[in-house]
Amino acid sequence: MKRKIIFATGNRNKMREIREILGGLDAEILSMNEAGIHLDIEENGTTFEENALIKARAAAKAANEIVLADDSGLEIDYLNKEPGVYSARYMGEDTSYEIKNQVLLERLSGVPKEQRTARFVCAVAAVFPEGEEIVKRGVIEGYIGEKPEGENGFGYDPIFYVEKYHCSTAALSREEKNAISHRGNALQAIRGELEKRI
Ligand code: IMP
């Protein structure tokens, strides 16, 4: 029988990306919903790795399968790595990203490009029924632009620019972004570990 891998997220975009990247594995990939797990998990860790593990461990308690979870966010060097692990909660969960992005641009007003460096970080944790735990980190380096641009992506994409393309990640296609993204990198790394164990 095929092994099951449960991804501890309720986010449809993440599930699609995960299915694309882990697709070739000899395993059935399920969302928490599809696995019949309903949990409200408090992300109270201080690092991306801790939060990913908190989520994966909580879901693993409810299922005797391989469980994956991720945690991600934006680090802006000039702002002491804010919003960091608070990326989703920055200025409140209900504040629109149009406003969050505008406020971040204002906080960087007048700051030269060399000091506008930033990165998206993603940690993906895997917890196995036998108790083994693995965490992998993926990073994409970039800088905060002078203005928002692009219609794709989500969250902080419109203000996060990559040197390679001289545009924001919201101006890239889904394929272009997946190929270089923090989440893409972390999932590829986890995929390598899963291949050894399935
Ligand atoms: P979580 O990983 O679902 O807890 O959410 C992380 C938060 O970081 C998101 O709500 C976004 O604000 C931000 N974030 C993470 N990855 C990206 C990305 O690829 N583009 C834009 N924002 C991101």
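The following questions and answers concern a predicted model.

Me: Which residues of helix α3 are buried?

Reply: An α-helix has 3.6 residues a turn, so residues three or four places apart point the same way. In α3, which spans residues 97-107, the buried residues cover an arc of only 135° around the axis, which puts them on the same side of the helix. Glu98 and Glu106 are exposed on the other side. The buried residues are Lys100, Asn101, Leu104 and Leu105.

Me: What covers the buried residues of α3?

Reply: The residues concerned are Lys100, Asn101, Leu104 and Leu105. Their cover includes two strands, β3 (66-76) and β6 (133-144).

Me: Which element gives the largest share of the lining of the largest pocket?

Reply: This pocket has a volume of about 740 Å³. Among its 30 lining residues, Lys14, Glu43, Lys55, Asp71 and Ala88 are the closest to the centre. The largest share, 5 residues, comes from β3.

Me: How many residues in the lining of the largest pocket are charged?

Reply: The lining comprises 30 residues. By class, 11 are nonpolar and 8 are polar, and the number of charged residues is 11.

Me: Which element gives the largest share of the lining of the second largest pocket?

Reply: The volume of this pocket is about 290 Å³. Its lining has 17 residues, and Asn13, Arg16, Glu17, Phe154 and Arg174 lie nearest the centre. By class, the lining divides into 2 nonpolar, 7 polar and 8 charged residues. At least two residues come from each of α1 (12-22) and α4 (174-180), and the largest share, 5 residues, comes from α1.

Me: Which residues does the cis peptide bond with omega of about -10° join?

Reply: Most residues other than glycine have a negative phi, and most peptide bonds are trans. The bond in question is cis, with omega of about -10°. The bond joins Glu82 and Pro83.

Me: Is Asn80, with its positive phi, buried or exposed?

Reply: Asn80 is not a glycine, yet its phi is about 50°. It lies in the loop between β3 and β4. Exposed means over 50% relative accessible area; because Asn80 has 71% relative accessibility, this residue counts as exposed.

Me: What is the relative accessible area of His166?

Reply: His166 is placed in the loop between β7 (160-162) and β8 (167-168). Its phi is positive, near 50°, although the residue is other than glycine. His166 is exposed, and its relative accessible area is 59%.

Technical notes: Residues numbered from 1 in each chain as written. Predicted model: local features only at pLDDT ≥ 70, side-chain atom pairs only at ≥ 80, totals over all residues. Heavy atoms only, no water. Buried < 20%, exposed > 50% of the residue type's maximum accessible area, 1.4 Å probe, protein only. Helix = DSSP H or I, 4+ residues; strand = E, 2+ residues; numbered from the N terminus. Arc of directions from axis to C-beta. Contact = heavy atoms within 4.5 Å. 1 Å grid on protein atoms, 1.4 Å probe; cavity = no way out; pocket = protein on both sides within 12 Å on 5 of 7 lines; lining within 4 Å. Points joined across faces, edges and corners; volume = space filled by probe spheres on them. Nonpolar A, V, L, I, M, F, W, Y, C, P; charged D, E, K, R; others polar.
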